[in-house]
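Hi,

Here is the structure I promised to send over.

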Amino acid sequence: MSAVQVSKASESSVGGRRSGGGRRRGDRRRGGVLGTRPWTAAVFLLPALLLLGALVVYPIVFSVYRSLFDASGNGFVGLGNYGAMFSDDGIRTALRNNVIWVVVAPTVSTVLGLIFAVLTERIRWGTAFKLIVFMPMAISMLAAGIIFRLVYDQDPQRGVGNAVWVGIHDTFADPAPFPGAKPRPKAGLAPSGGGAFTTRSAVRAGSPVKLPLVAVQPGDLRGARSAAAAGSRPGEVTGTVWLDFTRGGGGRPGVVDGNEKALAGLTVEAVRGGRVAGSATTAADGTFALPAAQADGARLRLPAANFAEAYRGVDWLGPALVTPAIIGSYVWMWAGFAMVLIAAGLAGVPRELLEAARVDGAGEWQVFRRITVPLLAPVLVVVLVTLMINVLKIFDLVYIIAPGSSIRSANVLALQLFQSSFGTDVDEGLGSAIAVFLLLLVLPVMYVNLRRIRKERRR
């Protein structure tokens, strides 16, 4: 071997030792850094882990433990509380209502959010509309519950819902002129079924008929004129319908006194053989006239339509509609949340695909159904899952909006948990069992959400 070759070999061996030594020193440095990172992470994570354990882990473990004991906490009952939970009618109602909530509320909120996001994308005032729709999110559940308790009030003078509904109804159906009115006792009028009143004897032409009424609401007498006694007319049956009541006293029963008010607009029917032979409407002074050919020898009837109670709208908070009504208030709050998230996803949809589809002859509905919705599917799943988790623990709206008469019909699991744990019949064992069951219902939704997040990270 030549001197040159020996020299190169020695240099390569020395370089190798140097490079190897450099790698080992680098490995030691990196190993030292990696060795300290778990401890550093533990120091920073320790406060959060302590809070997580105190506020989440410990309550869950204690709830599972407490659910195995009776109301006193001393007697071990095993799974008895869980059996009692499914045998209780109130809890079964709460479970059924929770199913309705989970199916309806997130779906309706997401669909409305999608519609709002798509329709407002191209209009000039779309931003203002989105702001208005999103504004209910700034209101707490407590405030929203108070607002909708008033909106659903049965009295049309207070409840906006019934004010609108009654206004629509009264537009197409005339209200009764004197709801709640009834004949004065011993006035010769007898109930004839369905709220109508009929004279006890037949009437004759030339003998004026007096039909005195009482119990007329003061508000229905605004602008009413004084009643006038009807005179006899040849060939006619005449009479007077009036409020037989003198303010301050002094009036005579069954007599038209000077200060007593006329009841105008009432329908008076002549009934012969069970059939209506003729009808008339009282004038401003309460008088009416019927042809003798129709009314002579017949009985006079005041139909029930004269006294029917005023239409008061829909009993929104009754047992039948209380759950849909409360879901409506929830949708009012959360449709804006869904709209904002979907609008953010819609902003990332490639416009080239939409324009290409339109150029190829696709209509707007086809573009929406076959391109927009599939591209927005991940965002829609996020919104839907988030709202489902939120709905499973709904409590505030139900507790505030539902009146005492309908609270059992509107019951949900979170409300039942509160009532069982802190209500009048306190049973912490049963309340803990409901809490554990509610946790088990949330876990599948959380698992689906976590799987979706992991798939998105892999992409």
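This is a predicted model: local features need pLDDT of at least 70, side-chain atom pairs count only at pLDDT 80 or more; totals for chains, interfaces and linings use all residues.

**Two helices side by side**

Two packed helices are described by the angle between their axes and the distance between the axes. The crossing of H11 past H14 is left-handed.

Which residues do the touching? H11 brings Pro378, Val381, Val382, Val385, Met388, Ile389 and Leu392. From H14 come Leu438, Leu441, Val442, Val445, Met446, Asn449, Arg452 and Glu456. Sorted by class, this H11–H14 contact is made of 12 nonpolar residues, one polar and two charged.

**Two buried residues**

Next, find Asn97 in helix H3 (residues 89–119). Is Asn97 buried or exposed? Its relative accessible area is 4%, and under 20% counts as buried, so Asn97 is buried. If you skip residues up to four places away in sequence, Asn97 touches Thr323, Ser409, Ala410, Asn411 and Val412.

Thr287 sits in strand S8 (residues 287–291). With a relative accessible area of 14%, Thr287 is buried too. Its side chain makes a polar contact with the side chain of Asp285, at 2.8 Å. Setting aside neighbours within four places in sequence, Thr287 is in contact with Ala228, Ala230, Gly239, Thr240, Thr281 and Thr282.

**Two loop residues with positive phi**

Now for the backbone. Lys186 has a phi near 60°, which is a positive value in a residue other than glycine. You'll find Lys186 in the loop between strand S1 (182–183) and strand S2 (189–191). Lys186 counts as exposed, because its relative accessibility is 89% and the cut-off for exposed is over 50%.

Ala215 is another non-glycine residue with a positive phi, near 65°. Look for Ala215 in the loop between strand S4 (209–214) and strand S5 (236–243). How accessible is Ala215? Its relative accessible area is 36%, so Ala215 is partly exposed.

Cheers

Key
Residues are numbered from 1 along each chain as its sequence is written. Side-chain values use heavy atoms; hydrogens and water are left out. A crossing is left-handed if the near helix is turned anticlockwise from the far one by less than a right angle, and right-handed if clockwise. Helices (H or I, at least four residues) and strands (E, at least two) are DSSP runs, numbered from the N terminus. Contact means heavy atoms within 4.5 Å. Ala, Val, Leu, Ile, Met, Phe, Trp, Tyr, Cys and Pro count as nonpolar, Asp, Glu, Lys and Arg as charged, and the others, Gly among them, as polar. Buried means under 20% relative accessible area, exposed over 50%, partly exposed in between (1.4 Å probe, protein chains only). A polar contact is a pair of N or O atoms within 3.5 Å; within protein, one must be able to donate a hydrogen and the other to accept it, and residues adjacent in sequence count only if both atoms are side-chain atoms.
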